[in-house]
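Let's walk through how two chains meet in this model. Have a look at it first, and then we'll take the interface step by step.

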2 protein chains.
Amino acid sequence: MKLLKRKKSAVITEKPMEVDRKDVRLKIDKSSDFYKQIQMVHLKQEDLIQLRRLKPLVENNIQGIVNQFYKNLEHESSLMDIIEDNSSIERLKQTLTVHIQEMFNGQIDDAFLEKRLKIANIHFRIGLEPKWYMCAFQDLLFSLMKLINNHTESKEDFYLAIDATRKY
Amino acid sequence: MKLLKRKKSAVITEKPMEVDRKDVRLKIDKSSDFYKQIQMVHLKQEDLIQLRRLKPLVENNIQGIVNQFYKNLEHESSLMDIIEDNSSIERLKQTLTVHIQEMFNGQIDDAFLEKRLKIANIHFRIGLEPKWYMCAFQDLLFSLMKLINNHTESKEDFYLAIDATRKY
Ligand code: HEM
Ligand code: HEM
């Protein structure tokens with residue numbers, strides 16, 4: 001019942017998209033830390049439906065989001081040094097583009113989360129302090145929230161969409 | 001102009017509250033890392049006005065928020081062990097109550113941020129992994145978002161209020 005109701009209140013996207021349960025997947029080993037983390041942030045199948053529905057909107061605006069992300073890092077020159085020492089802005093723009101799009105696939109399983117863990121470890125290895133990671137994450141959330149705000153009509157739609165997005 | 005507009009769209013709280021620029025303070029040493037972090041998450045004076053305005057609502061519901069926070073930690077028994085080894089649920093419920101209320105004071109200066117840094121260091125010292133801290137933070141944000149959603153009328157009010165809240 002609840003799901004049906006949510007389905008009707010579709011998010012407005014450039015390419016509107018019908019998404020339901022069969023298009024998403026939340027399959028995690030119940031004995032893993034991942035499973036507890038998913039429970040602690042209250043991530044549910046309905047959230048994946050929301051994310052999947054936002055995908056076209058995000059994809060159509062991905063370039064602006066990614067550019068803003070790296071522009072924001074310029075506030076702290078040590079971050080630029082870390083990037084130049086280990087990679088390049090151009091290369092990272094490409095990996096972040098793929099990464100953000102994958103967030104909105106609505107497919108979460110152990111393989112997906114292993115990949116996320118690998119990425120977290122990479123950032124630890126290059127000496128990125130958690131506080132800067134969190135600032136960067138907040139900025140990304142800000143871009144996504146602004147975009148979603150501009151493309152949803154009702155308060156309820158907006159709430160469901162950003163509640164799903166912030167869980168990442 | 002922008003500020004005036006935001007002021008009119010007041011958040012509905014049990015005790016409605018008129019708040020403007022003179023009630024809030026954002027004063028940080030421009031050469032500090034704090035300053036860069038504030039810029040990176042786009043925290044502005046207007047956000048502090050939003051937070052200050054939410055304060056009565058949060059205070060009237062603080063007990064439920066704090067109880068939910070510690071209930072959520074029960075998903076991971078190692079977190080309970082850390083708590084019992086270093087403190088107690090009862091004691092931490094009190095410190096978290098004060099901490100959350102301070103978030104909504106709308107006063108951010110170097111002393112406030114030093115205190116936050118001290119708290120971050122305490123969590124590092126007791127061996128709390130960042131991933132669990134982030135889950136706990138997301139849960140807190142979830143409680144606050146639900147509360148704000150139930151107590152704002154327009155989509156614009158809701159957006160401004162949660163945009164300010166997530167910046168912490
Ligand atoms: C929300 C925050 C962030 C996300 C989602 C993110 C995402 C990613 C992804 C997907 C990769 C590619 C991993 C791979 O090669 O498979 C990566 C690598 C990298 N990231 Fe980030 N990143 C974030 C924050 C940052 C920040 C703040 C810096 C600043 C220094 C940074 C610097 C790097 C560097 C240097 C690499 C390349 C490491 C290497 O290839 O050895 N990242 N990031
Ligand atoms: C958003 C997340 C969290 C916030 C805002 C928060 C807030 C606080 C605050 C304000 C204090 C008091 C510091 C002081 O004595 O001045 C504290 C201490 C403490 N916190 Fe947290 N906390 C968070 C997450 C956690 C988690 C997930 C655990 C799980 C183990 C935890 C365990 C503790 C313990 C054991 C202490 C006492 C340390 C001591 O007195 O030696 N906290 N926290």
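A polar contact here is a pair of N or O atoms within 3.5 Å; within protein, one must be able to donate a hydrogen and the other to accept it, and residues adjacent in sequence count only if both atoms are side-chain atoms. By that rule, 14 residue pairs, both at pLDDT 80 or more, are in polar contact across the interface of chain B and chain A. Helix 2 (33–40), helix 4 (62–73), helix 8 (130–150) and helix 9 (155–165) of chain B each put at least two residues into the side that touches chain A; helices are DSSP runs of H or I, at least four residues, numbered from the N terminus. Helix 8 of chain B gives the most, with 13 residues.

A word on the ground rules: this is a predicted model, so local features need pLDDT of at least 70, side-chain atom pairs count only at pLDDT 80 or more, and totals for chains, interfaces and linings use all residues. Residues are numbered from 1 along each chain as its sequence is written, chains are lettered from A and ligands numbered from 1 in the order written, and side-chain values use heavy atoms, with hydrogens and water left out.

Counting contact as heavy atoms within 4.5 Å, 37 residues of chain B touch 37 residues of chain A. The two chains bury about 3,600 Å² between them, 65% of it on carbon and sulfur atoms; that is accessible area (1.4 Å probe) lost on being put together, summed over both. In chain B, B:Met40, B:Lys155 and B:Tyr159 lose the most area to chain A, together 22% of what that side buries.
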